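Hi there,

Here is the structure I promised to pass on to you. Have a look at it first, and then read my notes below.

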Amino acid sequence: MQHNNVKGFTLIEILIVIGLIALLAAVVIVAINPGRQFAQARDAQRMSNANTILNAVYQFAVDNKGTLPSGIPQEPSPPGEICKTGAPSCTGLLDFSATLTINEIYLVSIPIDPSCPTGCNVNGTGYMIVRTTNNRIKVTAPNDELTTVSVTR
């Protein structure tokens, strides 16, 4: 009498293991969520850029006896978009290149939103600036994705 002792896995066992691996992979991908991670990174960059612009504006004001760069709109007027450094035209935008980037005293160049050029004016930075009714300066990033990016001082 012969016994067939064939060792191995059945097709059902292999399919169950593949299904469990696929389920675990799906759970890990949802938990990590790379799209959300990239959006958080872009929003963090926007917050850093807004702070950089605001620091440069206030450093300019300190060096100029409290005088802010000209052209910042006053509420209730809407905020104005800041023009890129070296843009061919700043028509309709706030051009701070002459005040904030001259001789690289306050900034080497105006920071640009990570979604530009698709998310903002072709010559703009994607950052808006306004003087509030309490004479504070507010810099915002209207292209923010997950959190509201707004810095006021």
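Arg 46 and Asp 113 are both buried, where buried means under 20% relative accessible area, exposed means over 50% and partly exposed lies in between (1.4 Å probe, protein chains only). The two residues form a salt bridge, with their closest N and O atoms 2.8 Å apart; the term stands for a side-chain nitrogen of Lys or Arg within 4 Å of a carboxyl oxygen of Asp or Glu. Because Arg 46 sits in helix 2 and Asp 113 in the loop between helix 3 (97-100) and strand 2 (124-131), this pair ties together parts that are 67 residues apart in sequence. Helices (H or I, at least four residues) and strands (E, at least two) are DSSP runs, numbered from the N terminus.

A word on the source: this is a predicted model, in which local features need pLDDT of at least 70 and side-chain atom pairs count only at pLDDT 80 or more, while totals for chains, interfaces and linings use all residues. Residues are numbered from 1 along each chain as its sequence is written, and side-chain values use heavy atoms, leaving out hydrogens and water.

Which other residues form a salt bridge with Arg 46? One is Asp 43, with the closest N and O atoms 3.0 Å apart. Asp 43 and Arg 46 are 3 residues apart in helix 2 (residues 34-63), so about one helical turn separates them. Asp 43 is buried too, at 4% relative accessible area. Another is Glu 145, at 3.1 Å from N to O. Glu 145 belongs to the loop between strand 3 (137-140) and strand 4 (150-152), 99 residues from Arg 46. With 36% relative accessibility, Glu 145 counts as partly exposed. Arg 42, Asp 43, Arg 46, Asp 113 and Glu 145 are linked in a network of salt bridges, and the structure holds 4 salt bridges.

Now for the cysteines. The whole structure contains 2 disulfides, meaning pairs of cysteine sulfur atoms within 2.5 Å. Cys 83 is joined to Cys 90, with 1.9 Å from S to S. Is this disulfide left-handed or right-handed? It is left-handed, because the torsion about the S-S bond of Cys 83 and Cys 90 is about -75 degrees. Cys 83 is buried at 0% relative accessible area, and Cys 90 is buried at 19%. The other disulfide joins Cys 116 to Cys 120, with 1.7 Å from S to S, and both of these cysteines are buried.

Enjoy exploring it!
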